[in-house]
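This report describes how one protein chain is arranged, starting with its parts and the contact between them. Look over the structure below before reading on.

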Amino acid sequence: MSLSNGRHYLAIPGPSVMPDRVLQAMHRPAPNIYRGALVEMVESIVPDLKTVAGTTQHVAMYICNGHGAWEAALTNMLSRGDKVLVLGTGRFGLGWGDMARVLGAECEVLDFGMRSDVDIDRVTETLAADTEHKIKAVLVVQVDTATSVKNDIQALRAALDEAGHPALLCTDNIACLGCDEYHMDDWGVDLMVAGCQKGLMTPPGMAFVYFNDKADAARETANMVTPYWDWRPRVDPDYFYRYFCGTAPTHHLYGLREALTMIVHEEGLEQVWRRHSVLTEAIWSALEVWGQPGPVRPNIAERDKRSHAVTTVNFGPGNGLRLREWMESDYGVTLGIPLEGMDAPDDYLRIGHMGHVNAHMVMGVLAGLQAGMAALQIPHGATGLEAAMKVISEAA
Ligand SMILES: *Cc1c(COP(=O)(O)O)cnc(C)c1O
């Protein structure tokens, strides 16, 4: 018998759950896009976007998804023939590199596979070998949403500094901004891309390119720049219409304003990170117990290399697919599919836990997984839920 009727929970790694307040803020007639409330509101969004990223530098806003932000970032800093170093730790890091290649950059790819983070030693070697400083930019994801690995961005900065290498350090934080701790300026990141539909709890449709003055200096000579993606008018528009190179995404802006109020001014960014951290620990604790007499294991072995926004799990042969189907049809929760590149895709599923997620939502997913494993006769340690509850009760 299916028990899935009731409010369905989409627990995939983006788009994430949108707070009712965000949706309600968007439910309004069209505002004037030339003066008045909307114009003032956008002025207030910019500093909050910077707070979330830990930067006092620049942020350009675009009407697009994360892929659009990738293209915006690349075209503003690169010229055709420029070399970029692509650090692959899953589908997304490699995807950003693929886009750079199609745009006309020369890509050197270091692929670390689907189960580990960037090996800093290999990056150090590659930078040292580049004595002529042909590499203009290093592209890396902080969190790869396919594998749920989290890369050490500070270690990459240190590697660049030790090599005395001037390449721009560019991070993709589309999955994890507002979930995993991040400090763009303190960590010495030159450029960062983010989207609104994951940690920022807003419907897909806006994305952001953050950049510092060093990246902006590259924009001076970049010959890939096109008028629409050019970041300069977007950070310093001579009139409001130019912020978005045309009509503003009016309703998205109202939604985003509300989401940023919740993150920055109400809960507070540190507390948002802490909430994600505790909820993720609860998930990991359940996985650890479930895996003791059975096939269940997190895709990334070491805890400090795992994201707090998404968790990729191997449930054993064919069981990722079976559990996802059971959760959706019988339990009322949709989990994330495995992405391209996993060795045996049907073994995996992904749990999204980014943004507007609290303890009962995470416990609901875990209870469903444990019930599903029992129903489908997937061997597992029986006290996974208790282990998760212990994390919640000790933190609360
Ligand atoms: C979701 C995601 C993307 C792609 O974003 P879209 O909005 O789907 O274009 C890129 N990188 C990472 C790390 C992501 O999580």
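A polar contact is a pair of N or O atoms within 3.5 Å; within protein, one atom must be able to donate a hydrogen and the other to accept it, and residues adjacent in sequence count only if both atoms are side-chain atoms. By this rule, 15 residue pairs are in polar contact between domain 1 and domain 2, with both residues at pLDDT 80 or more. The model is a predicted one.

**Domains and their interface**

The protein chain is divided into domain 1, made of 9-16 + 268-395, and domain 2, which covers 20-265. The centres of the two domains, taken over C-alpha atoms, are separated by 28 Å. Contact between them involves 30 residues of domain 1 and 31 residues of domain 2. Together, domain 1 and domain 2 bury about 2600 Å², with 58% of this area on carbon and sulfur atoms. Of the area that domain 1 buries against domain 2, 22% is supplied by L269, W273 and K305, more than by any other three residues.

One salt bridge is found across the interface of domain 1 and domain 2. A salt bridge joins the side chains of D117 and K305, at 3.5 Å from N to O. On the side of domain 1 that touches domain 2, α10 (269-290), β11 and β12 each supply at least two residues. The largest share of that side, four residues, comes from α10.

**The sheet of three strands**

Strands β11, β12 and β14 form an open antiparallel sheet in the order β11-β12-β14. At its edges are β11 (297-298) and β14 (348-352), each pairing on one side only. β11 is joined to β12 (residues 310-314) by two bridges, and P298 stands opposite V313 in β12.

**The sheet of seven strands**

Another open sheet has seven strands, in the order β2-β10-β9-β8-β5-β3-β4, with mixed pairing. Its edge strands, β2 (58-62) and β4 (106-111), have a single partner strand each, so one side of each is left without a neighbour in the sheet. Neighbouring strands here are turned by 20 degrees against each other on average, direction ignored. Strands β9 (residues 191-195) and β10 (residues 207-211) pair in the antiparallel sense over five bridges; in β10, A207 is the bridge partner of G195.

| Helix | Strands | Angle to β8 |
|---|---|---|
| α6 (residues 153-163) | touches β3, β5 and β8 | about 165 degrees |
| α7 (residues 213-221) | lies across β2, β8 and β10 | about 105 degrees |

Definitions and conventions. Residues are numbered from 1 along each chain as its sequence is written. This is a predicted model: local features need pLDDT of at least 70, side-chain atom pairs count only at pLDDT 80 or more; totals for chains, interfaces and linings use all residues. Side-chain values use heavy atoms; hydrogens and water are left out. Two strands pair if DSSP finds at least two bridges between them. Axes are lines fitted to C-alpha atoms, for helices over the stretch in contact, and angles run from 0 to 180 degrees between N-to-C directions. Contact means heavy atoms within 4.5 Å. Domain bounds come from an automatic or database domain assignment. Buried area is the accessible area (1.4 Å probe) that two parts lose on being put together, summed over both. A salt bridge is a side-chain nitrogen of Lys or Arg within 4 Å of a carboxyl oxygen of Asp or Glu.
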